[in-house]
Amino acid sequence: MTDFFERQNIARRKTKLLLCYFLPSVALTIVGVYFVVVCALAFHGFSSRRHQYIDNVIHPSVIDWHLFAIVSAITIFAVTIAAIYKAQQLASGGRAVAAMLGGRRVNNNTTDVDERRLLNVVEEMAIASGVPVPEVFVLGEEYCINAFVAGHDAKDAALGITEGALRTLNRDELQAVVGHEFSHLLNGDMGLNLWLMSFLYGILFISLTGKFFINWGDWDDNCTLRRRGRGEGGIIIVGIGLFVIGSIGYFCGRVIKSAVSRERERLADAAAVQFTRNPLALAGALKKIGGLVYGSRITGAEADEASHMFFSDVMPDSFAGLLSTHPPLEERIRAVDPSFNGQFEHIKSIPAQMREDGNAPPLITSIKDIRGVTRLPPTAIIQIAQVLNDKPAPAVRQRRLTPQHLTYAASLTASIPTDLANAAREPFGATALVYAMLLLPDATARSKQLVDLGPTASASLMSAAQQYFPS
């Protein structure tokens, strides 16, 4: 397997090369618009210069540079304005995108074991990547395995995961998927996607303008144009030409955008391995997608628009994979697990109602009973500590989890006061806790600390810190 740092460098170099392809696509679009305008002028009698325009059509090497400059300026202006308009539409925060996709925000105080595990994994990956912790959402009606990250930048980002991924993936696999999404945050892929989508809309605007000019014509029931005045046919010619050129340009732009997206996905896979140091975990998640009947297909109506944001393909491949936003599943797996034989093991999805149907996990009486159990409530952890052997804990260098470790962890978390545990799960409370832990036990020294902190810390923050201090 190629070193994951080298794989990231390769993906970044290919991204820059692909982005350069947009420049010739814009240039060709401008040239196409120019010749559409020349054809319209040539065949619709702009008297004194008609022969010059006809020469332009017959001999394309004869270019009216003054007209070309005007057409170029108008085309660039129109594309830019349309792109800015689309960017403003797409500039909503990650929370809005998550809501559009049907996401349900995970409360920091959730008692659901899987959701608590997800929040813990998100916090771990935030530390590993150095990115702020985003809001976390679950797509409750999606039983496939997928995840997404959305937002204008890391500050207003939202991370979502499907119900199927939440219930089907084990902890290591979930960590790999979340690490993949954090790579998009770290590498600025959300801003890149925003730029690409805006640019494509600018090219599409040319096609929409052509469609508007075509509809301008006075057509009868037999699709025959009834002329309404001088220049009517020229407008229709311009409309048809712009529609064709805009459509071709938009398709080519989507091909380039999809190629860029595939490179960013390869970059994110390599970064996930960097964050987790566990390539087989990422391979395991991808293999489960291949073996799950739902795969990674999102059923929501807005899935196509947000397809580039997801961990894996949400729509069927089209145009021989040219418009696919992700590399083939087998390619992604072999990049991190070269021994993969191409065969996917069929797995059953875990329906959402399992956590509501009252079926408790099996009673654990020995270490073998843990095998195959992917979701354990806190009480099960205590059961493990109670029923397993009481041999002394092995040396730390062996890095093995023992009943004594579990007993200590359970007693430690149980001893934390409820108000402190709740405060640690949201930003303001966590900040207040840090201040509270730094306050000195001596009342006089503590009063001086509070005075010194007064100019820089808000009154509400210091009040909360003093409230938590006794606990």
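Before the first stop, one cut-off: a residue counts as buried under 20% relative accessible area, as exposed over 50%, and as partly exposed in between. With that in hand, look at R277, which counts as exposed because its relative accessibility is 57%. Keep in mind as you go that this is a predicted model.

Where does R277 sit? You'll find R277 in the loop between α10, residues 232–276, and α11, residues 279–291. The backbone of R277 is worth a look too: phi is positive there, at about 55 degrees, although R277 is not a glycine.

Now zoom out for a moment. The chain has 471 residues, and 43% of them count as buried. In terms of secondary structure, you're looking at 18 helices and four strands. As for the surface, the chain exposes about 25,000 Å², and 61% of that comes from carbon and sulfur atoms.

Back to arginines, this time R297. R297 is in the loop between α11 and α12, the latter spanning residues 329–336. Is R297 buried, exposed or partly exposed? R297 has a relative accessible area of 37%, so it falls in the partly exposed class. Its side chain reaches the backbone oxygen of D313 at 3.2 Å. R297 also pairs up with a residue from elsewhere in the sequence: R297 and E142 are 155 residues apart along the chain, yet their C-alpha atoms are 8.6 Å apart in space.

R167 counts as buried because its relative accessibility is 2%. What does its side chain do in there? The side chains of R167 and E163 are joined by a polar contact of 2.9 Å.

S25 belongs to helix α2, residues 22–42, and S25 is buried because its relative accessibility is 17%, under the 20% cut-off. Between S25 and I203 there are 178 residues of sequence separation, but 9.7 Å from C-alpha to C-alpha. A128 is in helix α6, residues 113–129. With a relative accessible area of 41%, A128 is partly exposed. A128 and F182 are 54 residues apart in sequence, with C-alpha atoms 9.3 Å apart.

Last stop: a pair of helices. In general, two packed helices are described by the angle between their axes and the distance between the axes. For helix α16, residues 427–438, and helix α18, residues 459–468, the axes come within 8 Å and cross at roughly 65 degrees. The crossing is right-handed. Which residues of α16 and α18 make the contact? On the α16 side they are F428, G429, T431, A432, L433, Y435 and A436, and α18 brings S460, L461, M462, A464, A465 and Y468. Sorted by class, the contact of α16 with α18 holds 10 nonpolar residues, three polar ones and no charged ones.

Notes: Residues numbered from 1 in each chain as written. Predicted model: local features only at pLDDT ≥ 70, side-chain atom pairs only at ≥ 80, totals over all residues. Heavy atoms only, no water. Helix = DSSP H or I, 4+ residues; strand = E, 2+ residues; numbered from the N terminus. Buried < 20%, exposed > 50% of the residue type's maximum accessible area, 1.4 Å probe, protein only. Areas by Shrake-Rupley, 256 points an atom, 1.4 Å probe, with all protein chains shown as cover. Axes fitted to C-alpha atoms, helices over the stretch in contact; angles between N-to-C directions. Left-handed = near helix turned anticlockwise from the far one by under 90°. Contact = heavy atoms within 4.5 Å. Nonpolar A, V, L, I, M, F, W, Y, C, P; charged D, E, K, R; others polar. Polar contact = N/O pair within 3.5 Å; in protein donor to acceptor, adjacent residues only side chain to side chain.
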